Amino acid sequence: MKKHAGIAALLVVALALRLTWHFIHGEAIDTRLPDQAEYVQLAENFRNGYGLTFYDMRFYQSVYAYRMPGYPLFAAAGNSIHSVLFHQAIIDTSTVLATYLLARRWLSKGASLFAAAAVAFNPFMIYFSGLLLSETLYTAFLIWGCVLLVSHPNFLWGGIVLALSVLVRPSAVALPVILGLVSVFVNYTPGLIEGKRRWLRLPVGATMVLLIVLVLFPWALRNKIRLGQWIWLTTNGGVTRYDGFNSDATGASDQRFLSQPQMRFLQHMSEVERDNYLSQQAGNWIRDTWQREPSRLLRLTLVKIARTWSPVPLSAEYGTRQLYKIAAAAYSIPILMLSVVGLWAARIPRSARLFLLSPILYFTMIHAVSVGSLRYRVPVEPLLAVLAAAGLMTISDWIRRRPASGLTS
């Protein structure tokens, strides 16, 4: 029991921090993050027998596939906001444990505890665990899926968890395939499966694609019946794409364009038509800008990446709060610097570094072609913590070797 005392104590502290923050923050919906109000509506309508739908005030109509079903169903399982936030605190605490287990795959117990502690005290994860948003649930899916993928050569259970995560975050649709393929190199052991067991081998990439299709099929079928088209993800993609690529785009999310007088015609479209139209308009803007002013497109992309990886919040709502900026910088800057050291350290095998880096690069690219915000890197914070722990071990090794090398000289 003593050998698990460290992580057990850390889990207690992590849960206490999250519950304390929830008590301080309360159950009020943060109007600066309007997604919360949509999730509340979706959960309430589902509990009341109206299905996964909500009334979108911007278009004066109900929408049925604007959000993925995973988080609304999770929120609907609780009978109050307090209940949902309590379960999110437990789920986020489980991510601390998952980070420890993931780090233990390659690092010492002490370094793994450091990685878990970095997640336990992560101000962004604590903050989002107190909001009715999908970040906490998706992060848990992602990290537990990674743990299952690398804990043993059987990738099926990890693949199932990662496929289910797409029901929470549609932009992650290709990530299970990428992680599944990279995990093959992480788990590769010559001669592990020989002889009679050779037939048990499954094509990882094809299996991951099949798992994603199987998980999404009920949702797509429901949308086919309700909307008349096979919507495998959401009808929110067009709005998001146009948000990132239009003549007034800054790299941040600003959907006030939807309320402009020249956009009122969108109210007369169905949600599918609106999704297709806005996606097409964004595509046209990208093509025209690339032909006339490619440097502008490049600058916009770089701004989005910079916003995603900023050590401090940049939005008008949070970037003006000095306390938020100090807390964010005090945590982010050391972790980011250590993770860079860990990325180039020999403490973790090259295949493992690629595995940990894959989601980081994936979401960086995803938000480089949509909108950038510190919020969107929250799911990869535990992976950064593992790399940071490896970086800390590397620095510690270097410090220990330095006096020894000085004595020998």
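Contact here means heavy atoms within 4.5 Å. With that in hand, let's walk through this structure, which is a predicted model: local features need pLDDT of at least 70, side-chain atom pairs count only at pLDDT 80 or more, and totals for chains, interfaces and linings use all residues. Residues are numbered from 1 along each chain as its sequence is written, and side-chain values use heavy atoms, with hydrogens and water left out.

Two more bits of bookkeeping. Helices (H or I, at least four residues) and strands (E, at least two) are DSSP runs, numbered from the N terminus. Buried means under 20% relative accessible area, exposed over 50%, and partly exposed in between (1.4 Å probe, protein chains only).

**Loop residues**

Leu 258 sits in the loop between α11 and α12. Its relative accessibility is 4%, so Leu 258 counts as buried. Skipping residues up to four places away in sequence, Leu 258 touches Arg 58, Phe 59, Val 239, Met 263, Leu 266 and Leu 278. Arg 299 is 41 residues from Leu 258 along the chain, and 24 Å separates their C-alpha atoms.

Asn 246 is in the loop between α11 (237–244) and α12 (271–292) too. It is buried, with a relative accessible area of 7%. What does the side chain of Asn 246 reach at 2.7 Å? The backbone oxygen of Tyr 242. A polar atom of that Asn 246 side chain also lies 2.7 Å from the backbone nitrogen of Asp 248. Both are polar contacts, meaning a pair of N or O atoms within 3.5 Å; within protein, one must be able to donate a hydrogen and the other to accept it, and residues adjacent in sequence count only if both atoms are side-chain atoms. Further along the chain, leaving out residues up to four places away, Asn 246 touches Trp 285 and Arg 296.

Tyr 60 belongs to another loop, the one between β1 (54–56) and β2 (61–63). Is Tyr 60 buried or exposed? Exposed, with a relative accessible area of 52%. Tyr 60 also has a positive phi of about 55 degrees, although it is not a glycine.

The buried ones are Gly 70, Tyr 71, Pro 72, Phe 74, Ala 75 and Ala 76. Their cover includes α2 (35–47), α4 (81–104) and α7.

Take Ala 76 from that set: it lies in helix α3 (residues 70–77) and has 10% relative accessibility. Leu 52 is 24 residues from Ala 76 in sequence, and the two are 9.9 Å apart in space, C-alpha to C-alpha.

Over in helix α4 there is Val 96, buried with a relative accessible area of 0%. Setting aside neighbours within four places in sequence, Val 96 is in contact with Leu 11, Ala 14, Arg 18, Ala 116, Val 119 and Ala 120. Val 96 and Ala 117 are 21 residues apart in sequence and 7.5 Å apart in space, C-alpha to C-alpha.

Axes are lines fitted to C-alpha atoms, for helices over the stretch in contact, and angles run from 0 to 180 degrees between N-to-C directions.

| Helix pair | Angle | Axis separation |
|---|---|---|
| α7 (residues 135–151) and α8 (residues 156–165) | about 165 degrees | 7 Å |
| α7 and α9 (residues 175–187) | about 30 degrees | 9 Å |

From α7, Tyr 138, Leu 142, Cys 146, Leu 149 and Val 150 meet Leu 175, Leu 179, Gly 180, Ser 183, Val 186 and Asn 187 in α9.

**The core**

A nonpolar core is a set of buried Ala, Val, Leu, Ile, Met, Phe, Trp, Tyr and Cys residues joined through side-chain atoms within 4.5 Å. The largest one has 111 residues, and those with the most contacts inside it are Leu 102, Trp 106, Leu 107, Leu 142, Phe 355 and Leu 356. Not counting residues up to four places away in sequence, Leu 102 touches Cys 146, Val 147, Val 150, Leu 356, Leu 383 and Val 386.
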